[in-house]
Structures are given as C-alpha cells and as structure tokens.
Amino acid sequence: MSQHILSVENLTKHYVQKRSFVLRTQPGVVKAVDGIDFALPVGATLGLVGESGCGKSTTAKMLLRLEDPSAGKILFDGREVQAATGSDLRDYRTNVQAVFQDPYSSLNPRMRVDSIIAEPLIANRQVAAVEVRDAVAQVMGVVGLNPDWARRFPHEFSGGQRQRIAIARALVLRPRLMVLDEPVSALDVSIRAQILNLLMDLQDQFGLSYLLISHDLDVIAEMCAEIAVMYLGQIVEIGPARDIVANPRHPYTQALFSARLPAHPDGAANRIRLSGEIPSPLDPPSGCRFRTRCPHVMPICAEVLPPESELPNGQRASCHLLSEQSALSS
Amino acid sequence: MTWQSFRRFPWIPVLLLAPVVICGLAGPLFYPHDPTVVNLLAPRKPPAWLPGGDPSFLLGTDHFGRDLLSRLIEGARVTLMVAVLGVVVAAVIGISAGMVAGYFGGWIDNLVMRIVDVKMSIPTILLTILIGSAFGGGLVTIIASIIFVFWADYARVIRGETLSLRERGYVALAKVANCSSFTILLRHILPNLFATCMVLFSLQLGRALIVEAAITFIGLGIQPPASAWGLLIAEGRNYLATAWWIPTFAGLAITMTVLGTNLLGDWLRDALDPKLRQL
Amino acid sequence: MLSFFLRRLKLALITILGVTLIVFVAARLSGDVVYSLVGDAANTEEIDTMRRQLGLDRPVWMQYFTYVGNVAQGDFGRSIRYQRPVTDVIAERVPFTVQLGLTAFFVSIVLGVSLGILAARTRGSFVDGAVRTIAVVGQSMPHFWIGMMAILVFAVTLRWLPTSGAGGLSHLVMPALTLATFPMAAILRITRSSMLETLDAEYVKFLRVKGLAERLIVWKHALRNALIPVIALSGIQLGNLLGGAVIVETVFSWPGLGNLMVESIVSRDYPVIQSGVLMIAVFLISLNFLVDLIFGLIDPRIRYG
Amino acid sequence: MVEPAVNVVVETPVLEVRDLRMFIHADRGTRIVRAVNGLSFSLGAGRTMGIIGESGSGKSMASLSILRLLPRGARVEAGEVLFGGENLLKKSDSEMRRIRGRHIAMILQDPMVSLDPLFRVGEQVAEPLRTHQGLSGETLRRRVIELLGAVGIPAPESRFDQYPHQMSGGMLQRIVGAAAISCGPELLIADEPTTALDPTVQAQYLDLLEELQDRTGLSLIVITHDLGVAARLCDDVIVMYAGRAAERGSVRDIFERPAHPYTQALLSTLPGRRAPGEHKRLKTIDGQPPDLAALPPGCPFAPRCPRADDRCRTETPPEIALDPTHMAACWYASDA
C-alpha cells in the first residue's frame, strides 16, 4: 500500500435528477462515474484517458474534493480522504494541487500574479510577508517565469505563460500529487512541448506524482507510465502505458488508439470504425457498456457485466472476449 | 492625454452630469437668490429673455416669487441625495443577495428568486403606492421604495453573473487551495462583478431619479416646502398655462441628469465589458 | 413541454401567494381597519365587537389565510370612500386602462421592433445613430413631464388636442403616445442589440456560406431568433406600462385604474389600493406565464426539451 | 495529357491564390492586424490541400477571404483569388452569393452552432438547393433525404423534421456536411473544429470529408493546427506562420524533406511519437508567435529560429523553390 500515493476503490458519482410529482416520472440517475478502481504509484504518472462524458473530469473533481462521491473510497497515503476535515483536510489540500485546461479561466483576471501564486500558501500556512515574496519569486523561477513580472496581471501574459503561472501556483505548497486536467489542450502546438517538458522536469526535481487527464492520446503516450481508459463512467482497461499503446486488449481501447492521427503520410493505419454514438449515461446499456458499438459483440455482453481479466504484464481489461480466452488457457 | 484617449473619454455624459453633481455638492455657493425667500411681488416672472422677464431671475420665478434657478440648484441636492442613497443601499442588499443565491444555490437561491419574482410582478409605481399606503408619504417612502424596487434588479443580474463566475477555473482552484467560501466570494467573485455593478449602478441611478420624481409627483414623496425637481413639476402642473417654465426647466433638469447616467452606463458597458449588452 | 408548463405554473402560483403576503402586510401596516369602519366616536366595546366580527382577534397567520381564502373567492373587501365592493369600483375603471394600455403597447411594439431592426441593419450609420439617440432620450424623460409638455404644446398652445379626460380618438392620442415612449425605447434597444448579436452568430455565417440571399437571412432566420429576448422583454414592459399608466392617467385625468389608485391615496381608501395592486399583479403573472408558453411554441428547444 | 513529352501536367487549377494580403482593424481601428501577408498557392481538381498553422497564423482569415466572408473591420488589401480562372475579389456581392454554396462550400468550425436552432434540419439542408437549383416541394424533400442518407445519417426520413438540439455533435457534423455538398460544389473548405475534439469523433469527421470527396470528386481545403490531420488526409500542405506560407509542397515533401526551420521544429515537437514513458525532453520552439499588429522586420520566424542570422532579421526571405512543387520561405532552404 505504501508505494501507492493515491488509490481509489469503487469510486462512484451518480447525479439524481429531480422527479416530477405531477407527471409521476421516475427519478433519472446519471451515472457519471460508476465504480472505478485504480492506484497511482509514488512519483509516477497515471493517465486517465477517454472521450467527452466518460467521467474523467468528474473523477478529477472528486479527487480534488470539489464533488462528493456517491459511493467508494479515495485513499491518500492509505488514509481516507472523504472523512477529512479541519487539519486533515488542510493536510490533504497542501499535498494535492491541480492544473486545469483553460489558462484563461484558471487565473482570476483581477488578481496580480504574485497574489495568484501565493494564495494557496496564505490559505494554509502562517507565513510572513517576506517569506511569501521569496517563495513566489523562487517558484516563478522554477517554472521559467521572470520574477520581476510578479506584479503584473494575467492578461499581460500569453497562453503558455499563463499555464506556467498556474503551475507555479500549484507548486508553491510543494504538493506531492498534482491532478493535471487537460493541461496542454488549449495551447498551440509549439507551446505544448514547452509545458510538457516543464511538467516532466518538475516531476524529476520534486518527485511529484501526476494524475494526467486528457483526451489527447499523444500527450498521454508521451507522459504516462500507466494508463486507465474510461468509457461511460467505467474503466475498461488499465495497465502499463507501453503495453496498452502497443497492444490494447479491450475493443474500445483498440478503436480509440486506432483513431489516433498518423505521424507520417504512410502511417494511416487500419482504423476500427465504431458505429453509432456514445449512449446516454442516463440510461447506459445493460451488461457491457460498450456492447452497442462493439465490433465483436456477443449475446453474453448484454447480460453480464464483463469481469476484469489480468494479463501477466499487469494489463487488465474488462471484456468477455478476454475472460473466455483466459478461461480457455487455464 | 493622447488623441485616442481624448476621443474615447465620455464627454457627453460627463458634461451632462458635472453641473448636476457640482450643484448637488456645493449648491449654496451658486444660489443667485435664497431659494426659500418668498417674493409675493414677483410671482411667476418669466425667464429673463422673455418680455416681462427680470435679468436677476434668469429662469424666472415660481408662484411665490422664489427664484426658479435657485430652487433647481437646491433641488439637485435633495434629488441626488435620495437617489444615490437609495440605489447604494439597494446595491449592497441586491449584490449580497445575488452573490449568495448564485454561489450557494439550493433553498437560499430559491427564496431569493421567488422574492425577486414577486417584486417583478408588481409594477414599480404601484409598489411605491403600496409602500406609501403602509408608511405614509415622505422621504422614508421614497427611499424605502427605491431600495425595494432596485435591490431585486441587482439580485437578479448579479445572481446570473455569479452562476457563471462560479464555474470558472479559478474558483475551483481556490477551493483546491483551501480557501473558505467567504474568501472566494470576496476575492474571486466580487471583484469580477465590478463591471456589471458599475454599469448597473449608473443605469439604476437614472431610473431611480425618475421613480423619485414620479412618487413626488403623485404626492407620496418629498413634501413642500422642500425643493425637489419632481415637486417643482408637480407644483408647476397647476400653472401650465400661465407659467410653463416651472415644470419645463425642472423636467429638463431631470432629463439631462438621467440622460447623463444612461449614457455613462452605456459607455461603461462598452468600455468595461461589451458582453453586458442585455442589461 | 408538459413538465415545462407545470414548472412554470408552480412558479406562477408561488409568486401570486407572495404578492398576497406583501399586500396583506401592507394592509396591516397601513393602520387599523376597525377605526375607519366604526368611526371615531365608537367606544371600546364596539371596537372589540367589530374586531371579533372581522376575525382580527385571531393570530396574524390565521388572518392571512382567511384573507387569502376571501381573495380566492373574489371577496376583496369594501371601498371606504365609495362604500361599495372594491371589485365593482375597480371594474368600472378597467376598460379605460385596457384601452389606453393596449394602444400604447401596440405602438411601442410596432415602433420599437421596426426601428430596432432598422438600426441594426444600418449599424454604425447616421440612421443608426439617430435611432439610438431617440432610444436613449426616450428612456431618460419622466412620463409625467412628457405628458405635461405634450399638453403644453398640443393642447394649450396649438389647441389641436383636448387637454384631458376620456372621449374619442383625439383624447387617446397624447396619453397613449406618452405612455408608449419608455417601453418603445426599451424594446428598440433590445431589438437592436439582439438583432446584432444574431447577425454575428455562427449559424448566420453558415447561411451566408450556403449562398442565401440577405433578405432570407435577415427576415427568415435572424429576425425569428432575435425576437426571443424581445418577447421576454415585452412581458416586463407591459408591467412597466401598467405602472406608467398610473402617472399618465393622472396627468391626463384619464378615468382608468391608475387614476383611481392615485385618488385612493388622497382619500386613504386603502382597500382599493391593495386590491388594485393585487389584481394587477395577478394579471401580470398570468400574462408572463402566457409569454412563457409562447416561448415554448416558438422555440423547439423548449417544445421538445 | 495533350503531349506525353511534357512531364509537368498542364491543367487549370480549381483555385489559385496569388499574393493575398489582408488586414483587420482591431481595437476600434487603433491597431492593424496583418493577418495574411502575401499568400500564394494553387489547388488542382480533386486534390486535398491542408493549411496548417497555429492560432494567429492567418489560416482562417485566408479561407474566409476566398469566400469573401470576412468579419467587420477586415479588408483584403491586395492579391487575386482565381476560381475557374475568374478573380473572386472582383465579383459583385450578388455574383458571390451565386458562387457560395453552389461552387464553393464551407464547413465552419463548430457544427453545434452552425445550424439555426429554430428551424428543422431538413429545411436547412434544403435551403441551398432551393436557392441555387430552384428545387421545391416533393422533389426537394426527396433530394434532401437522399443527401442525408448519403452522408451516413440513419433513417433520414425521420431525421428531416428534427431540430438541431435533438441531435448529437457527430450527427450535426453530417447535417452540415450534407448542406455543404448539396449543390455539388467544386471546392469545399473545411475549417477544423478548434474545440478539443475527441479522437473517435475527429476520426469520423475526417472520414466524412473523405467520403464527401470520393462521392463528388470535389477539391478540398482543410484548415487545421494538427500535422496529423495533414498526414492522414492531404495531398498538398501549406505551413503558415505569421500570415505567410513558411513552406508549401506535397505532403511527402513536408514530412520527409522539411526545409523551413519552423516546419522542422513543428515535426519534432509532436508528443507521443516515441516509446511511451521514455521520459526524455521533447524538442521545443522557444518564444511566442509574433504579434501580427507589430511584425518584426525580416523573417517573422527569425526571433525563434535557432539558425537565424543578421540577414534573416532584416530581410524578408522570398519563397525559394526547391523543386517545382516544393517551396520554403527561408534564406537557407536549399541548404537542408
């Protein structure tokens, strides 16, 4: 347990829609996140990948305690996060920080850069003004910003620089875990690499653990040691990034990675074309969530939720095809 | 000042409002005559440039022979004081209620919005008549009415604005940084409402002036012998055929001031946040 | 659509209840009804009897429910001045206000929408500037002053129109136009800005990409979308109009509901004021409920939502 | 075709842009943003051209100039846009209207807001057919349903009468595609969705473009920030930087023999192209894209270019032809 900084067990978020008394409608339940498990080793990067509405952002919100889970547990250093209040909560807050996608909405336009960066520090620790100033200058240097810019406002910076400010703010408390929610999706191609490099350097320098959330498979493949693939609120496949990128086992992961754009005109691979649309999380399919679009769908898929099958390399996928194979081989 | 910023300066609203504000703050310095001195020998003297006019009474006199210009200058103070006081209190109540409703949602939001609905369903003047019937007329009625009428507009607009600000990344990050709700409202929501508040304040001030004059006009507001612009118009109504200048100049004073605040509001909206078109 | 309808209905009913509460509180604050009914000469015993008869000895919340019950059955009390049921007194005045209000509403919608479109179509031109000036000045003048200036010019000086009272069309012209000024200006501004916003919308760009004639783009697509906020606003403006009617009817001695209200202030006829406010509020709430339903008809996002 | 001895195919291009320059008055006329500064290219029949650039490179403005649908305050300063040999910049407004939707179509960035929310989707696909081809009544309806089926919409008859908000993003993309190709245009301009697009949805979009092209043989211009899109879809590529073509050529030229330092840098900054978790630094391009309202003298890429010398900082490089189809605007292009 100790080598995992964060682990999540059966984490669930259901949004219950109000029912109407007069119309006698049944209350709808949006199953945004539906029982996911994963663990993040200390100092590693876990990528949470999936498409819009798969529940990856809701997961991030629960980890950051911006939303309360409907069920399940979040363990940080083996201690349950959900129950934390007072100094325990402060402890968690100082250890877990976040960087969001939009560098424009992440920074309060009415605050100066030094106040933005110092805010987590002031909110959590008793520190003298001088120390705050030093800490801000130091962390600005670390992320590659000129400390002389501390009194400027966010609008005086470009998108890439704003993202550096956001990272500096997240870093000022010296947290151990950072939740990176689409940290480079809003940036231009030429700036993207700068920020990814910065994040990798910071990880080496401070021993940070990252939970990286992205729909961008290239970014995920670049950054992550482990990948968890989500579809309709569930993790369908999880394991070492190297293996999942090279040899995805779940039909959805296969389709997803086959949709990745080629790096070369010759690289246009055989794409797996998915039929239909992502079903509504209000009324997800029975059995396997992916069965309505799966090219290998079988009768059992509609009836039984596929169990997780583990391969020797640690790759795990929830698909009846795999459980059949493992049943055959054993 | 560069030519660009010179051109962008809101000259028209400032020129319209400056004399009013100066009269409101330092009116007594400019009285050509004492506005309260009755001169029964010179009632309803026309403005100076008309036949029968007296050059020392530039805009003429009222039915008691009081100098109209002096009464207008004195009226500026009362009129402005009431409107500004009412709108400021309304703004404080409305902004707080709107922020709390928008940020916390739930039953607080429901309660505030239902009260706003109720207010919106009673036309302004009728609401003031109702308040007048409860409190009797006078200054209290006017100020209570202005607060009652205008807080709800603030609450409605600020709530909507807060609902969208609440979803900004920096608010979520402030929570992640362990800031309290109070800190978030004060440091992250309120400063970003500044543009909206300024625009609304400017527009409301003009509307409050009109409401104030209307209440006074129907006899529930400021009572004689005070000087207020609405009162001058109400008094002048009886002399429309014989002393048209009394209501005309008082009405012009109101129109000029309201036009000034409206134009200033428009200018602020364009300058601070062009997206606020719907206000 | 059905659930939308029910939700709106619920809100409308809650709002009506809220208005009754305000009116009830105002009535209690405006003084003891008993004195105005029994007269100054009554002794304590008579007062107590009357108090019991009226149920005023019961707790305030029970009085409130009794009041709501009476109102629901159409019993609004008696006018102190006229010594007749309030409903009768009010009913006599309603047709005048309806005539004035509807005329002004019609004028403000027609002028406001067409000038608003004109300004939007000629954005930045002299015409646009002139129309916007009309709008902002129209929103800056108090009703009663416009009315008095109109009387001064058209009745006193030129003698084209009668100064006051109700009668033929000539009596209606000045009050209706006076009343229409403010809502016209408001509708004009919202039409213009909404039209501009729509013309900048991405789907209008796509209509251009498709090669559609400008005429079709403006009149078929943009106008329909632009009118949604205009309709929302006209519901509110009708409320403003009824408020303005109080002032305008006073200026022109127009024998409508507004005039009655102001007379009632002078004669301290509080039951008339309170019931008048309540009825107008209920009327406006129902009207806005209707506007919401019209939204449902225009906007498929609500119709099928 | 005429003489087999000539190895350069003499063919009139569908679209030829010559030295296009346009600017935008920003901040109430106080700043002039030079969004396109001398762009030239030509596009052959049935071919797919990718215009690649970061935000502010002028790629969207260039495409809107072609259709003459520029935003307020924007003006084309110079240049020619030859479509079928005729200069579109010289056409009257009504002539342009007859070209838009009929001969040149465009798909805008966001299909979710490209359709009027108050009208049925069938009607919105029908509009260009009614305007340009005078179809009406049952013929029109049948043609629209046929088109909806052709772009892969299941049960097109029932979809005809639906409203945009009742459809998913992928479905709306197809509706917009159907409206764009309804009159059989010779050229389709597809502006890439800028909003973060999911991989499978993006792949479906690119499939759709390919299908439309296969079906009608039209020429296609794809505007994108993503080199991967070009690799996947395009025959020819223009890499834009600061309103100019930094490099243009066939897709192979660009990917295999990139001559401009900017193209080279872009290709090497792409993440995720090595073994996962290898944890080495990515190559980066230092600095920021230039401010189009205050362009530096000389080559606009010079401030970020590792190879720049004094000449690059003072003299703007012309397009240097490396072979008949491959050019790069760099003084040192031929050194590569």
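## Two interfaces in a four-chain model

Author: Let's start with the A–D pair: 43 residues of chain A are in contact with 48 residues of chain D, where contact means heavy atoms within 4.5 Å. This is a predicted model, so local features need pLDDT of at least 70 and side-chain atom pairs count only at pLDDT 80 or more, while totals for chains, interfaces and linings use all residues. Residues are numbered from 1 along each chain as its sequence is written, chains are lettered from A and ligands numbered from 1 in the order in which they are written, and side-chain values use heavy atoms, with hydrogens and water left out.

Reader: Thanks! What area is buried between chain A and chain D?

Author: About 3,900 Å², and carbon and sulfur atoms give 50% of that. Buried area here is the accessible area (1.4 Å probe) that two parts lose on being put together, summed over both. On the chain A side, the residues that lose the most area to chain D are Val189(A), Glu222(A) and Leu261(A), together 16% of what that side buries.

Reader: And how many salt bridges are there between chain A and chain D?

Author: Three, a salt bridge being a side-chain nitrogen of Lys or Arg within 4 Å of a carboxyl oxygen of Asp or Glu. Arg273(A) and Glu211(D) make one with their side chains, at 3.6 Å from N to O.

Reader: Which helix gives the largest share of the side of chain A that touches chain D?

Author: That is α6(A), with twelve residues. Helices (H or I, at least four residues) and strands (E, at least two) are DSSP runs, numbered from the N terminus. By class, this side of chain A has 18 nonpolar, eleven polar and 14 charged residues. In that scheme Ala, Val, Leu, Ile, Met, Phe, Trp, Tyr, Cys and Pro count as nonpolar, Asp, Glu, Lys and Arg as charged, and the others, Gly among them, as polar.

Reader: Staying in chain A for a second, is His215(A) buried or exposed?

Author: Buried, at a relative accessible area of 11%. The cut-offs are under 20% relative accessible area for buried, over 50% for exposed, and partly exposed in between (1.4 Å probe, protein chains only). His215(A) sits in the loop between β8 (209–214) and α7 of chain A, and its side chain has a polar contact of 3.1 Å with that of Glu182(A).

Reader: Nice. Switching to B and C: how many residues of each are in contact?

Author: 39 of chain B and 48 of chain C. The two chains bury about 4,000 Å² between them, with 76% of it on carbon and sulfur atoms.

Reader: What about charge pairs there, which residues form a salt bridge?

Author: The count is one salt bridge: Arg189(C) with Asp266(B), where the closest N and O atoms are 2.9 Å apart. Seven residue pairs are in polar contact across that interface, again with both at pLDDT 80 or more.

Reader: Which parts of chain B supply at least two residues each?

Author: α4 (106–120), α5 (124–135), α9 (194–217), α10 (229–237) and α11 (245–272) of chain B. The largest share, twelve residues, comes from α11(B). By class, this side of chain B has 25 nonpolar, eight polar and six charged residues.

Reader: Why call α11(B) largely enclosed?

Author: Because 20 of its 28 residues are buried. α11(B) reaches 39 Å from its first C-alpha to its last, close to the 40 Å expected at 1.5 Å a residue; the expected span is 1.5 Å times one less than the number of residues.

Reader: And what covers the buried residues of α10(B)?

Author: The cover includes α2 (11–26), α3 (68–104), α9 and α11 of chain B, together with α7 (143–157) of chain C. Eight of the nine residues of α10(B) are buried, among them Trp229(B) and Glu235(B).

Reader: Which residues does Ser133(B) touch?

Author: Leaving out residues up to four places away in sequence, Ser133(B) touches Ser30(C), Tyr270(C), Ile273(C) and Gln274(C). Ser133(B) is in helix α5 of chain B and is buried, with a relative accessible area of 3%. Its side chain also reaches the backbone oxygen of Leu130(B) at 2.7 Å.

Reader: Last one: how many helices and strands does chain C have?

Author: 13 helices and zero strands. Of its 305 residues, 50% count as buried.

How values were computed. A polar contact is a pair of N or O atoms within 3.5 Å; within protein, one must be able to donate a hydrogen and the other to accept it, and residues adjacent in sequence count only if both atoms are side-chain atoms.
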